[in-house]
Amino acid sequence: MAASLVAPGGSVLTRWRWTITAAFWLGGITVSAWGPRLPAIKAGLGIGTATIGLLLAGVTVGAILGLLASTPVLHWLGSRRGIVAALLLIASAMTAMGLALIAVSVPLLAVALVLVGFGIGLLDVLINVEGAAVEQAVGRTVMPMMHAAWSIGAAVGSGIGAACAALGISPSKQLIGEAVLIAAVLAGAKGIPAGNRAEPAQPDQDRGAKFRQWLHGWLDWRLLLIGVVMLGAELGEGSANSWLTLAVRNDHGQAAAIAALFFTAFAAGEALTRILGGPVVDRLGRVMTIRVTAALGVIGVVLFINAGNLWIVLIGVLLWAVGVSMGFPLGMSAAAQSGPDPAARVSVVASIGYFANLAGPPAIGLLAESAGLLRALWLIAALFLAAFAAAGSLRRRNSAEDAS
C-alpha cells in the first residue's frame, strides 16, 4: 500500500480508525437485523419454513456477488465512496424489506434480501481492506478490535430485534428505523482518506487484466493457505451458531435456558478475545497467535465433546470461542498485505471464509445424522488442526516477524 495513503497525521488517523470501526459495528447490526423477527415475518407473510429458507439463501447469493464485485467497485469509486455506496445500498435494501412487509410482497422481499446481502459482502471486503491500511498506519494490530465491533454490533442488532418484538414494534418499522440509523452514520465517512489502497507502482489495468489478476489469486498458494486458516475458524464459528445450543440441550442434558446461556458465553468469549487480542498479536506475531488459539480451540472442542461435568463443558465452550476468534481478522489482515490489489486478495480469502461459515453447519448436520451430533463436532477439531498447520501463511512479507 502506498505510504501516502497509510501515514496520515495523528488526529486524521484516529478519525479514520474509529470511522472504520463504526462501519464494522454497523455491519454487525445489519447481519442480525432480521433473524430475531423471522417468526413475525413468517406469520405476517403467511409463508412456510421452506420459503423462509429460500429467502435467506438470497442473502447468501447476494453476499457472494458482493464479494466478487468488491475489487472493481474499489477501483472505480475508491475506498471512501465505495464504503458509502455499500452502506447506502444496505440502508435502501432494508427500507425495501420494510416496505415489502407492509405490502405483504414476497417477491419484493426476496429482491431486497439479495440486495442487502450484496451490500454486506461488498462492505465486508472494503472495510477489511481499510482496516488493514489503518493497522499498517497505526503500527500495531487493531483488526481484532475492529472485528470485535462487528460482534458487538451483531449482539446489539439481536437485542434491538428482541426488544422490538417484546414491545410489539413490527418488523417493518424496525427495519426502516435501522436503515435510518445506518444512513445517519454515513456523515462520519468523511474520516476515511481518499484513495483505493492500491500499490503505488502498479500500472493502470483494463478490466480484463484486473479480472485475470483476481482470478490469479485463486491460484496463489499463500492465499489459499490463509483461506485454510479462515476455513477452520469460520467453520468453528458457524457450527457453534447453529449447533452448540442443541448439543448442550440434547447431548449434555441441560435445560433450554442453560443451553442458551452457554451460547451467550461463547459469543462473549469470542468478542472479549478479539477486544484483548491486539497486544497479544503484537507480542507473539500472527503465526504464533493462530497456533496458540487453534490449539486452545482443539482442546475446547475435545472437552465439549467428552466432558460429563457441566463446568468443564463450559470451559470447553470458552476455549472453543478463543479458537475461532482470531482466524478471520488476522487472515483478512494478512491477505490485504500479501501482495498488490488488496481488495482482490481479501475477496479470495473472504469467499473461503463465507463458504465455511455457510456450508459448515449443514456438513455437521449431515454427519450428525449418522454419527451423532457430538461425534460430528470432531470435524471442527480437525479443521482447527489444519489451521494450526497453515498458520505460517500469515507471516508478514519481507519481515523477520512471525518467523516462529
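1. By class, the lining of the second largest cavity comprises 6 nonpolar, 4 polar and no charged residues, where Ala, Val, Leu, Ile, Met, Phe, Trp, Tyr, Cys and Pro count as nonpolar, Asp, Glu, Lys and Arg as charged, and the others, Gly among them, as polar. This is a predicted model, in which local features need pLDDT of at least 70 and side-chain atom pairs count only at pLDDT 80 or more, whereas totals for chains, interfaces and linings use all residues. Residues are numbered from 1 along each chain as its sequence is written, and side-chain values use heavy atoms, with hydrogens and water left out.

2. The second largest cavity has a volume of about 50 Å³, and its lining is formed by Val229, Gly232, Ala233, Ile290, Thr293, Ala294, Gly323, Gly327, Phe384 and Ala387. Two or more of these residues come from each of helix 9 (221–251), helix 11 (286–306) and helix 16 (378–390), helices being DSSP runs of H or I with at least four residues, numbered from the N terminus.

3. Searching the whole structure gives 2 cavities of 30 Å³ or more; a cavity here is a set of points on a 1 Å grid over the protein atoms alone where a 1.4 Å probe fits but cannot get out, and lining residues have an atom within 4 Å of a point. Grid points are joined across faces, edges and corners, and a volume is the space filled by probe spheres set on the points.

4. The largest cavity, with a volume of about 70 Å³, has a lining of 9 nonpolar, no polar and no charged residues, including Trp34, Ile52 and Met97. Helix 4 (49–103) is one of the elements that supply at least two lining residues, and helix 4 gives the most, with 4 residues.

Note on methods
On a 1 Å grid over the protein atoms alone, a cavity is a set of points where a 1.4 Å probe fits but cannot get out, and a pocket is an open set with protein on both sides within 12 Å along at least five of seven lines; lining residues have an atom within 4 Å of a point.
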